[in-house]
Amino acid sequence: MPKFNLQTHLKQVHQERRTATTKKVDAAIQRLVRANENINFNSVASEAGVAKATLYNNLVLRERIESLRQQQVTVPTKKQIQRKMNENNKDALIDSLKRKIKRLEQENKDLRGQLKVAYADIYKKI
């Protein structure tokens, strides 16, 4: 019967776990990229089902996540684009609201006048 070497067996198991973790992280990163989600250590760790410490300790994975995170910083997000559009349309929105306020003030003035006429009619009947 061949002699069982525990050290080589542990090294082999460790290598298999490392490759399985790398595959899970790669798949998670690809899913996040396809879904247009933020790529950071927290999101990758939760998507892949691994600990954040694993991502920080593995230099290859760490560099990959950091580079992807830096690439995403340069691309404007949907919220940033919407904010820019809002800033461009701010003057038009202010003008629209001013017109609405003016119209409502005029309507309020007309209704107050009608109320005075109605009170006058009631007073005459008394």
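Select Ala-51 to start: with a relative accessibility of 42%, Ala-51 counts as partly exposed (buried is under 20% relative accessible area, exposed is over 50%, and partly exposed lies in between, with a 1.4 Å probe and protein chains only). Ala-51 sits in the loop between α2 and α3; helices here are DSSP runs of H or I with at least four residues, numbered from the N terminus. The model is predicted, so local features need pLDDT of at least 70 and side-chain atom pairs count only at pLDDT 80 or more, while totals for chains, interfaces and linings use all residues. Residues are numbered from 1 along each chain as its sequence is written, and side-chain values use heavy atoms, with hydrogens and water left out.

Next, select α2 itself. Its buried residues are Phe-41, Ser-43, Val-44, Ala-45 and Ala-48, and they pack against α1 (6–34), α3 and α4 (59–74) (contact means heavy atoms within 4.5 Å).

Finally, show the side chains of Phe-41 and Tyr-56. The structure holds 1 aromatic pair, for which ring centres must lie within 6.5 Å; planes under 30 degrees apart are stacked, over 60 edge-to-face, and the rest tilted. The centres of Phe-41 and Tyr-56 are 4.1 Å apart and the planes are at 20 degrees, so this pair is stacked. Phe-41 belongs to α2 (residues 41–48) and Tyr-56 to α3 (residues 52–57), 15 residues apart. Phe-41 is buried at 3% relative accessible area, whereas Tyr-56 is partly exposed at 34%.

How values were computed:
Rings of Phe, Tyr and Trp (its six-membered ring) pair if their centres lie within 6.5 Å; planes under 30 degrees apart count as stacked, over 60 as edge-to-face and the rest as tilted. Helices (H or I, at least four residues) and strands (E, at least two) are DSSP runs, numbered from the N terminus.
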